[in-house]
Amino acid sequence: MAKQSMIQREKKREKLVLKYREKRDFLLFEFKTADNFLQQMEIRKKIEKLPRNSSRIRLRNRCWRTGRSRGVYRDFGLCRHMIREMAHNCLLPGVRKASW
């Protein structure tokens, strides 16, 4: 199980990303369509003033059950340990232990 502080920090980041999404997207669009270098520098300064944690790149996939950040499968939102455990208990539909 991950530390509760890490899980709460990730939730805080998710809220910030949602809060600043429109503003950040608008500024990035302006930056791409700017005509000259000075305009781009001004827009870049505005982007830098936004909170760092409002960037989508700082989000980390976490297991919804344990909060583990590594080995998370997107299809289930679970880490590899929980997938194995739940598959053995027949809790994941359509998942079967491989044998060949």
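## Helices and the model

Helices, in the sense used here, are DSSP runs of type H or I with at least four residues, numbered from the N terminus. The structure is a predicted model, and in it Cys90 is found in the segment after helix H3, which spans residues 80–88.

## Two domains

The domain assignment of the chain gives domain 1, covering residues 1–59, and domain 2, covering residues 62–99. The C-alpha centres of domain 1 and domain 2 lie 31 Å apart, and the contact takes five residues from domain 1 and five residues from domain 2.

## The interface between the domains

Between them, domain 1 and domain 2 bury about 350 Å², with 59% of this area on carbon and sulfur atoms. On the side of domain 1, the residues that lose the most area to domain 2 are Met1, Ala2 and Glu10, which together make up 67% of what that side buries.

Across the interface of domain 1 and domain 2 the rule finds one salt bridge. The side chains of Glu10 and Arg62 meet in a salt bridge, at 4.0 Å from N to O. By class, the side of domain 1 that touches domain 2 has four nonpolar residues, no polar residues and one charged residue.

## Cys90

Although Cys90 is not a glycine, its phi is positive, at about 60°. Is Cys90 buried or exposed? Cys90 is exposed, because its relative accessible area is 67% and exposed means over 50%.

Key:
Residues numbered from 1 in each chain as written. Predicted model: local features only at pLDDT ≥ 70, side-chain atom pairs only at ≥ 80, totals over all residues. Heavy atoms only, no water. Domains from an automatic or database assignment. Contact = heavy atoms within 4.5 Å. Buried area = accessible area lost by both parts, 1.4 Å probe. Nonpolar A, V, L, I, M, F, W, Y, C, P; charged D, E, K, R; others polar. Helix = DSSP H or I, 4+ residues; strand = E, 2+ residues; numbered from the N terminus. Buried < 20%, exposed > 50% of the residue type's maximum accessible area, 1.4 Å probe, protein only.
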